[in-house]
Amino acid sequence: MEAKTKSKHNHHNHTLVTDIDIEVKNIIQKELERQRSQIILIASENFTSQEVIRTMGSVLTNKYAEGYPKNRYYAGCEYMDEIEELARERAKKLFGCTYSNVQPHSGVQANTAIFVALLKPGDKILSMNLRDGGHLSHGHFQNISGKYFQIYTYGVDPRTEVIDYEDVRKIAMKVKPRLIITGASSYSRIIDFKKFREIADEVGAYLMADIAHIAGLIAGKCHPTSIGHAHFTTGTTHKTLRGPRGGLILSDSEYQEIIDRAVFPGTQGGPLMHVIAAKAVAFREAMKDSFIEYSKRIIENSQALCSYLKDEGFRIVSGGTDNHLFLIDLTNMNMTGKEAEEALSSVGIILNKNVIPFDKLNPNITSGIRIGTPAVTTQGMGKEEMYEIGSMISYTLKNRDNPTKLKEVGNRVRKLAEDFPVYTNFVN
Ligand SMILES: Cc1ncc(COP(=O)(O)O)c(C=O)c1O
């Protein structure tokens, strides 16, 4: 009898306590070291809390929970219901709305669900063009949005490089779209959701605000909200919001049924319950006063870095920034975005090349770079550090053919990263 129990126990151990996968673990360790030792200025990246990461690594990943709380396709979902309810309630409270869907696996999935909820193939969408800051899921020809719908675009004013709302209105009047999309991936100015709604109402269109980039700034009360203006708000939880990688839909309870159905079974299967739990953790974190402080500091840092680089002779698209990011036009520096990205990467400053309004170069080369401050602000950096980063960026770009000088900047980068450590004592 005793032997039998023992063997059962051994069997149990054998299946669940597997040996450590050194190959994978080592790569993760290298990535952790990379994140610790470089300066991350990618506007869509952040350092999420250890609590969020721990939650994502939980047993919730084992559970199938197709459907919604109290209406699931599988048994055993009572705790999944609790988690999803908690996440949904927290999302509603954080953003001040009456409906939320926390199941979209990513920002693109959230957008796709709205298309499926509202549109038929061939319907017209009016969205911001990609070159001026829009996202590929708003109508790129290779994305489902561009393949299944008729896409019309608006952009920025060539003189100010800011959205010209009167121009948007004129295009909307002419096109008469079923859906207008606002929200961007590389636009550094406040978006006036109220004006967009007025335009949508004038032409009888729905308005979708994709707040993927600025969700954290809205939660932190540092950007006017889309809630109450847009019929549908979509977003991501992993950028300024500083949660797990994932998507989110916010709306009014009158749209609950069509959105729920469009997410599941419309475009997704089983929800990632471990990620939904981590979203709940992030929403709680974002409700704290300290998150409002954090959001303010992201923008202060963005503006400090922006004005430093402006003084160094770099041309800033639209002349400045109101949010967590800004774009530099490198044309006057005789350099492409690709060259700048590579030079900066070689010293440990990580950002991305980016098309700028009216860019003559293709998206793989580009005339610009995009710089964002959510990650460095999470590390606790302030204005002084922004001036140091600005100085390192300027020095690198102006001396990009001088290996000795680049090496010197590399040391400064490592020193700064070491002074603001992330995930200390973190066991992955
Ligand atoms: C405006 C906008 N929408 C959607 C997305 C897509 O999010 P995801 O990569 O999670 O699908 C992004 C990401 O860059 C974005 O900038």
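Guide: Two residues count as in contact if their C-beta atoms, placed from the backbone, lie within 7 Å. The model is predicted: local features need pLDDT of at least 70, side-chain atom pairs count only at pLDDT 80 or more, and totals for chains, interfaces and linings use all residues. Residue numbers start from 1 along each chain as its sequence is written.

Visitor: Leaving aside neighbours within four places in sequence, what is Ile276 in contact with?

Guide: Ile83, Glu84, Ala87, Val102, Gln103 and Pro271.

Visitor: Which residues have the most contacts inside the largest nonpolar core?

Guide: Ile180 and Ile276, in a core of 75 residues. Helix α11 (residues 273–286) contributes the most to this core, 10 residues. A nonpolar core is a set of buried Ala, Val, Leu, Ile, Met, Phe, Trp, Tyr and Cys residues joined through C-beta atoms within 7 Å. Helices (H or I, at least four residues) and strands (E, at least two) are DSSP runs, numbered from the N terminus.

Visitor: New topic. Is strand β5 largely enclosed or open?

Guide: Largely enclosed by the rest of the structure, because four of its five residues (124–128) are buried. Buried means 20 or more other C-beta atoms within 10 Å of a residue's own, exposed 12 or fewer, and partly exposed in between, with C-beta atoms placed from the backbone.

Visitor: How many bridges does β5 have with strand β6?

Guide: Five, in the parallel sense, with β6 at residues 150–154. Met128 has Tyr154 as its bridge partner there. Strands pair if DSSP finds at least two bridges between them.

Visitor: And which residue in β7 is the bridge partner of Ile125?

Guide: Leu179. Two bridges join β5 to β7 (residues 179–182), and the strands run parallel.
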